[in-house]
Amino acid sequence: MSPHPDSVSPSSSPEVDTGGSLRHQPSEAPLEKVLEIGFIGGTGPQGKGLAYQFARAGHRVLIGSRSLERAQATATEIRARLPAATAVGATNETAAAKTQVIVVAIPYAGHAETVRSLRPVLAGKIVVSCVNPLGFDRTGPFGLAVPDGSAAEEAGRITPESRVVGAFHHVSAVNLWRDGDTLSHEDILVCGDDDEAKTVVLQLARSVGHRGVDVGALRMARILEPLTAVLVSVNKRYQTRSGVALVGLPTS
Ligand SMILES: NC(=O)c1ccc[n+]([C@@H]2O[C@H](COP(=O)([O-])OP(=O)(O)OC[C@H]3O[C@@H](n4cnc5c(N)ncnc54)[C@H](OP(=O)(O)O)[C@@H]3O)[C@@H](O)[C@H]2O)c1
């Protein structure tokens with residue numbers, strides 16, 4: 001393992017090639033490479049939790065933030081729990097610039113503006129959106145009306161040069177920050193229009209113990225994102241952290 005610097009400079013080169021041959025692996029192939037994964041908004045519970053799980057699986061994570069200090073603090077928190085982790089703090093821009101797979105883990109409220117500002121560094125990259133545009137009123141959670149249909153499609157429109165995939169919408173941040181095998185019974189529903197990018201994300205899900213399920217085109221995010229409102233509503237009623245698992249799929 002490499003040392004754990006608390007920041008990366010834009011001029012330093014990634015230690016791991018995260019692109020290239022991965023894009024041409026057949027979907028059945030195991031994920032053989034360690035990925036270097038950037039996080040936009042990696043200081044929040046969801047970004048931090050996903051980063052922790054990815055780091056547990058041996059991937060290297062660059063925690064992005066609008067504040068380098070906050071990013072470094074989160075990277076330190078991950079390393080404190082997982083001393084072997086390669087977890088580094090960076091600005092959002094550097095986290096995106098230095099990696100080939102970037103998870104967008106910010107609230108929908110800041111989504112369009114943030115993605116637009118990062119468009120140059122996201123070009124050509126795999127952009128994984130777990131953003132759930134949700135609202136809450138007196139009757140509970142609901143899916144917000146999104147002009148593009150979904151946050152993932154909005155990201156795709158704003159960054160047409162990037163390869164947007166929707167995934168990890170339904171895993172609870174609290175569960176992600178846990179140790180042990182608390183998540184393998186949940187599926188990761190993955191949607192996107194770029195099959196090779198989707199394959200990388202399906203394999204990433206598998207590398208952290210989940211079954212990844214290809215649910216189709218990026219526009220399926222219109223269903224995946226607001227489906228989270230159902231889970232939140234169930235969680236409140238049953239005092240639990242529900243997830244998603246499909247039945248009827250081939251077992252291979
Ligand atoms: N929490 C969950 O259980 C869960 C589960 C599935 C999916 N998700 C989705 O994952 C995303 C992140 O969830 P979260 O609970 O981690 O959210 P969060 O804590 O509200 O925000 C995550 C991070 O985004 C940055 N941020 C906040 N407002 C921003 C803005 N206006 N513009 C740019 N960056 C902003 C902040 O980082 P800095 O201040 O450090 O920049 C913050 O730490 C959301 O879209 C959510 O729907 C969450």
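This is a predicted model: local features need pLDDT of at least 70, side-chain atom pairs count only at pLDDT 80 or more; totals for chains, interfaces and linings use all residues.
A residue counts as buried here if 20 or more other C-beta atoms lie within 10 Å of its own. The chain has 8 helices and 10 strands. Among its contacts between residues at least 6 apart in sequence, 74% link residues at least 24 apart.

**Around the ligand**
- The ligand has 23 residues around it, and Gly41, Gly44, Ser65, Gly110 and Ala173 come nearest.
- Sorted by class, that shell holds 12 polar, 9 nonpolar and 2 charged residues.
- Helix H1, covering residues 45-56, supplies the largest share of the shell, with 3 residues.

**Two helices side by side**
- A pair of packed helices is described by the angle between their axes and the distance between the axes.
- For helix H4 (residues 111-122) and helix H5 (residues 151-158), the axes come within 9 Å and cross at roughly 30°.
- Angles under 35 degrees count as roughly parallel, so H4 is roughly parallel to H5.
- The crossing of H4 and H5 is right-handed.
- On the H4 side, the residues that meet H5 are His111, Ala112, Val115, Arg116 and Arg119, and their partners in H5 are Ala151, Glu154, Ala155 and Ile158.
- The residues of this H4 and H5 contact split into 5 nonpolar, 1 polar and 3 charged.

**Two residues with a positive phi**
- Most residues other than glycine have a negative phi.
- Phe168 isn't a glycine, yet its phi is positive, near 65°.
- You'll find Phe168 in the loop between strand E8 (163-166) and helix H6 (173-176).
- Phe168 is buried, because it has 27 other C-beta atoms within 10 Å.
- Gln239 isn't a glycine either, and its phi is positive too, at about 50°.
- Look for Gln239 in the segment after helix H8 (221-238).
- With 7 other C-beta atoms within 10 Å, Gln239 is exposed, whereas Phe168 is buried.

**A look at Gly216**
- Gly216 sits in strand E10, which covers residues 211-216.
- Gly216 has 15 other C-beta atoms within 10 Å, so it is partly exposed.
- Gly216 and Asp193 are 23 residues apart in sequence, and in space they are 7.7 Å apart, C-alpha to C-alpha.

Notes:
Residues are numbered from 1 along each chain as its sequence is written. A residue is near a molecule or strand if its C-beta atom, placed from the backbone, lies within 6 Å of it. Helices (H or I, at least four residues) and strands (E, at least two) are DSSP runs, numbered from the N terminus. Ala, Val, Leu, Ile, Met, Phe, Trp, Tyr, Cys and Pro count as nonpolar, Asp, Glu, Lys and Arg as charged, and the others, Gly among them, as polar. A residue is buried if 20 or more other C-beta atoms lie within 10 Å of its own, exposed if 12 or fewer, and partly exposed in between; C-beta atoms are placed from the backbone. Two residues are in contact if their C-beta atoms, placed from the backbone, lie within 7 Å. Axes are lines fitted to C-alpha atoms, for helices over the stretch in contact, and angles run from 0 to 180 degrees between N-to-C directions. Angles under 35 degrees count as roughly parallel, over 145 as roughly antiparallel, 65 to 115 as roughly perpendicular and the rest as oblique. A crossing is left-handed if the near helix is turned anticlockwise from the far one by less than a right angle, and right-handed if clockwise.
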